[in-house]
Amino acid sequence: ATPNVHVNRFDTTNKLLLPMKLSFLQVTPFAGTRETAYGADLHEDARVRTIFLTGTDVSTKFFRVFDVKTDAYGLDINKLRHVITPTIGYAYDHEPTIPAAALRQIDSIDDITYSNNRFSLGLTNVLQTKRDERSVDLALFTISNAYYIRPKAGSGSYLGDYSFDLELRPYSWVSFMSDAVYSHRYDYVSNANYDLLFHLTSERTVNFGQRYQRKGANEVTFGADWRLTPKWMFGFYERFQLNETPTVKGGWRYQEYRLTRDLHCWLMDLTYSVEPD
């Protein structure tokens, strides 16, 4: 068996930005560093890895107002404003000062090996209305991707995976949030998630969700936070695996029950959780 290894790691990214307006374009050049401190590398030496970052983001906004007023299905729509925000950016990440081969591999943070040139592309659509003289976002949809320029690892330049984000808030008491990643090279959705949240009353919410990974986990989630008294709140969160994989069994994957006490300047949580194995 592989022995357990204890490693301390601290990762931080800091950027300096200079936003400016050029005609109808919002231009934001930036420069910064990503510092990752390791308590020990493969030779048990404490080291700090540095990656220099630089680039520029450019965006603009287009909008149109539709003279629509309706209370059909209780939507309370007082004009509709459609805002489109296209974005394009360029980013360069310098080669790290410590190669990945010298570090213990915990996750993708430790696997950074080469310098990176990429263009990012994005398009955001927002649908807004006014309620009680305040602007409210009814729907938000974003699609984004990145084009990697001649990476050292791989076979030439390529277009990355598409990312989709959707948020719907048709009423003040319900919201829907979803995200997905689509691989155009292999023509499949690699993962997708959604959450449906009901705001029943003040500080009383119920939520449902699903977590899907292709050839991996397919979980449904359920949770709630419920104010019992001005001082006490009860909450729970559960995950149930719908399918079985070579590494994950079906059935309950996680159950958590939580009791929260308001101590004025402090919150005290009493939590009981159950996990397989």
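Is S175 buried or exposed, and at what relative accessibility? S175 counts as buried because its relative accessibility is 5%, where buried means under 20% relative accessible area, exposed over 50% and partly exposed in between (1.4 Å probe, protein chains only). You'll find S175 in strand β11, residues 174–183; strands here are DSSP runs of E with at least two residues, and helices are runs of H or I with at least four, numbered from the N terminus. Leave out residues up to four places away in sequence, and S175 touches L168, R169, D195, L196, L197 and H199, contact being heavy atoms within 4.5 Å.

A quick word on the ground rules. This is a predicted model, where local features need pLDDT of at least 70 and side-chain atom pairs count only at pLDDT 80 or more, while totals for chains, interfaces and linings use all residues. Residues are numbered from 1 along each chain as its sequence is written, and side-chain values use heavy atoms, with hydrogens and water left out.

Now for the aromatics. Rings of Phe, Tyr and Trp (its six-membered ring) pair if their centres lie within 6.5 Å; planes under 30 degrees apart count as stacked, over 60 as edge-to-face and the rest as tilted. By this rule the count comes to 15 aromatic pairs. One of them is F198 with F208, an edge-to-face pair at 6.3 Å centre to centre, with 80° between the planes. That pair links distant parts of the chain, with F198 in strand β12 (residues 188–201) and F208 in strand β13 (residues 204–213), 10 residues apart. F198 counts as partly exposed because its relative accessibility is 22%, and F208 is partly exposed too, with a relative accessible area of 35%.

F222 and F236 make a tilted pair, 5.3 Å centre to centre and 55° between the planes. F222 sits in strand β14 (residues 218–227) and F236 in strand β15 (residues 232–241), so this pair ties together parts that are 14 residues apart in sequence. F222 is partly exposed at a relative accessible area of 29%, whereas F236 counts as buried at 17% relative accessibility. Both pairs belong to one aromatic cluster, made of Y171, W173, F198, F208, F222, F234, F236 and Y257.

From rings, on to charges. Side chains of opposite charge can pair when their charged atoms come close. The structure holds 13 salt bridges, each a side-chain nitrogen of Lys or Arg within 4 Å of a carboxyl oxygen of Asp or Glu. Take R34 and D11, whose closest N and O atoms are 3.0 Å apart. Here the link runs from R34 in strand β3 (residues 25–38) to D11 in strand β1 (residues 9–17), 23 residues apart. D11 counts as partly exposed, with 29% relative accessibility.

R47 and D41 form another salt bridge, with 3.4 Å between the closest N and O atoms. R47 is partly exposed at 31% relative accessibility, but D41 is buried, with a relative accessible area of 1%. Then there's D225 with R258, where the closest N and O atoms are 2.5 Å apart. D225 lies in strand β14 and R258 in strand β16 (residues 251–262), so the bridge ties together parts that are 33 residues apart in sequence. D225 counts as partly exposed at 25%, while R258 is buried at 17%. Salt bridges that share partners also join R9, D107 and D110 into one network.

What about the nonpolar side chains? In soluble globular proteins, nonpolar side chains tend to be buried together. The largest nonpolar core in this model has 5 residues: Y38, I98, A102, L103 and I109. Such a core is a set of buried Ala, Val, Leu, Ile, Met, Phe, Trp, Tyr and Cys residues joined through side-chain atoms within 4.5 Å. Setting aside neighbours within four places in sequence, Y38 is in contact with N8, R9, A46, R47, R49, L103, I109 and D110.

On the surface, I88, F119, L121 and Y147 form a nonpolar patch with about 350 Å² of accessible area together. L121 belongs to strand β7 (residues 116–131) and is partly exposed, with a relative accessible area of 40%.

Finally, the loops. E133 has its place in the loop between β7 and β8 (134–148) and is exposed, with a relative accessible area of 71%. P230 is found in the loop between β14 and β15, and at 71% relative accessibility P230 counts as exposed.

Notes
Patch = residues over 30% accessible without salt bridge, like charges linked within 9 Å, V, L, I, M, F, W, Y side chains within 5 Å. Areas by Shrake-Rupley, 256 points an atom, 1.4 Å probe, with all protein chains shown as cover.
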